[in-house]
There are 2 protein chains.
Amino acid sequence: MRIILDGMGGDNAPAAVVEGAVLASKETNHEIHIIGQQEQIEEELKKYKYDADKISVIDAREVITNDEAPVRAVRSKKDSSIVRGLNMVRSGEGDVFVSAGSTGALLAGGLFILGRIQGIDRPALACIYPIVGGIPSLLVDAGANSECKPNNLLEFGIMGNIYMEKVLNRPEPKVGLVNIGAEAAKGSTLTKAAYDLLEHSDMNFIGNVEARDVPMGVCDVIVTDGFTGNVVLKLTEGLAWNILQNIKKKFTDGAKAKLGAALLLDKMNELKKEFDYSEYGGAPILGVKGPVVKMHGSSNANAVKNTILKAIPYASENVVGIIQNSVLEIEEITLSEY
Amino acid sequence: MRIILDGMGGDNAPAAVVEGAVLASKETNHEIHIIGQQEQIEEELKKYKYDADKISVIDAREVITNDEAPVRAVRSKKDSSIVRGLNMVRSGEGDVFVSAGSTGALLAGGLFILGRIQGIDRPALACIYPIVGGIPSLLVDAGANSECKPNNLLEFGIMGNIYMEKVLNRPEPKVGLVNIGAEAAKGSTLTKAAYDLLEHSDMNFIGNVEARDVPMGVCDVIVTDGFTGNVVLKLTEGLAWNILQNIKKKFTDGAKAKLGAALLLDKMNELKKEFDYSEYGGAPILGVKGPVVKMHGSSNANAVKNTILKAIPYASENVVGIIQNSVLEIEEITLSEY
């Protein structure tokens, strides 16, 4: 398998990306091709001992930044690491594309270059959602589609379900719909109609999930529109950060507190680690015709390594093909009913 | 002033409600009329020494529960504490109605019995939003309207702004719009249009606020549709609870941790207290023609007391009238532009 890694994406590129590639190459035999400005990437590579059969560099001169309008950037920067990388996946020269670059550019590029999977109306960003004291859930859509129709939410559920089973190895994941009440009749026009579609699917749909229960890990796949999903993800980040910061402040206020905090240092580090989801790999862009994984912009080498390793089953388990078949099956059933 | 207090609403009624009324009566000279099943309320009142000039009981035989369909309950239970209490506000026998009962019934009752303020399209529930390490914000709408139009969000901003100034005593509050990006052009059709309306208002509008910044208290009035607002409020409750529970678990795991936790007990209690917003009063139903305040269903006596005390400026500062004038002014300006 050939993993195409964006050497220019993210706050710590190319250093963290290259280091992550070297770390990953020690744990897999698949080829890693780092795409981007060759001299910069080679400069970084020189710092490490690595197997040259497993890591190579592909030169691409342009860089798409986070500040650029995604659609225009993807259309104009043909020699950027993102556009070139996605083209390699389309042509079969690469099996999966991994990038810490602009989410917008990856989404736009995924749509223009790879195209949508037949039967999928709107591709979505699926993000790992941390559960303190538990295993993480998967949140779909985490922000690609701020306006959704009921069938979009059904598709998010189907895609998240398959990714959870095949890549995150959780059989028969519990699929829940974010809503403002537990009963089927609660919520907006969108959630009521989506509930109906999800209930009639063959997934393990557990019904509506109130936002209060999401952090307890009541479901494995959290289905919601991209606006709500983005709010859920970012509020969780912000609130957890604020609570931990305030704990830190309180725990260093006074000699007695400092002593107590010293005794609890390892416990606090454990807690902080539970919010660190870099071990679970990046966020797949589900619904495009080829495996694309977005990493957090601030990914460190360890996060890059884990994203590369999780990208392997995403490609090898043929998640894209399974999604396509699942959606076609549903379409056939729906058509046969009329 | 005559404060009408629902004796039958909430998980701890009538005990907590009656105790809260007695506590409040020691801090105010206004009359408190507890409405509900007389014998039950008097039974509770017997437990306390109180000034009979300040507290009285009004008999109402029916009770509306949380499980009932709100509209039907309000229409059929004419002798319930909620319907009778709201009728007293409408007729002028009461100046404000305070209840820990069904939110749905209070909203439906507020609309049917008191009616909408002229110019307000959709009344909203405004909830205190706790800020760890800071002063709380006000979230409007916290769940009354799961589907909104741009003008609804403008009205939520106007009403929250006035309540914050007049009742919570924060001059020129910062008003922010929950969105999935900081720039004006980001977000859904709804938030883009609402941004435009809010920007052209004469409020201290600080623009879009990402969910990640909401827990830091970047704005005083958090404007959002009721679906998102409910998700924000409940996710905050759930996540904070989960983090604190996990801290507790970790801090009692092993002798060293237990010793550390003992030294930090007062700091942990401080932290827990920052999530306790019972001191800030209940959630006003803004936009109906009369002051109505909803308390949390699990309110204890202290929360009841504080809600009663905060209900006084809500009525005496004529918040309802000010909202009406503000909205009419905006309508006039808008009309004069065409």
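Which residue forms a salt bridge with B:Glu27?

## Basis of the model

This is a predicted model in which local features need pLDDT of at least 70 and side-chain atom pairs count only at pLDDT 80 or more, while totals for chains, interfaces and linings use all residues. Residues are numbered from 1 along each chain as its sequence is written, chains are lettered from A and ligands numbered from 1 in the order in which they are written, and side-chain values use heavy atoms, leaving out hydrogens and water.

## Salt bridges

The partner of B:Glu27 is B:Lys305, with the closest N and O atoms 3.2 Å apart; a salt bridge here is a side-chain nitrogen of Lys or Arg within 4 Å of a carboxyl oxygen of Asp or Glu. This pair links distant parts of the chain, 278 residues apart, with B:Glu27 in the loop between helix H1 (15-25) and S2 of chain B and B:Lys305 in helix H11 (residues 301-316) of chain B; helices (H or I, at least four residues) and strands (E, at least two) are DSSP runs, numbered from the N terminus. B:Lys305 is buried, at 14% relative accessible area, where buried means under 20%, exposed over 50% and partly exposed in between (1.4 Å probe, protein chains only).

A:Glu237 and B:Arg212 also meet through their side chains in a salt bridge (3.4 Å, N to O). That pair crosses between chains, from helix H8 (residues 226-251) of chain A to the loop between S8 and strand S9 (221-223) of chain B; A:Glu237 is partly exposed at 27%, and B:Arg212 is partly exposed at 29%.

## A pair within chain A

A:Lys47 and A:Glu44 form a salt bridge (3.0 Å, N to O), in which A:Lys47 is exposed at 57%, whereas A:Glu44 is buried at 12%.
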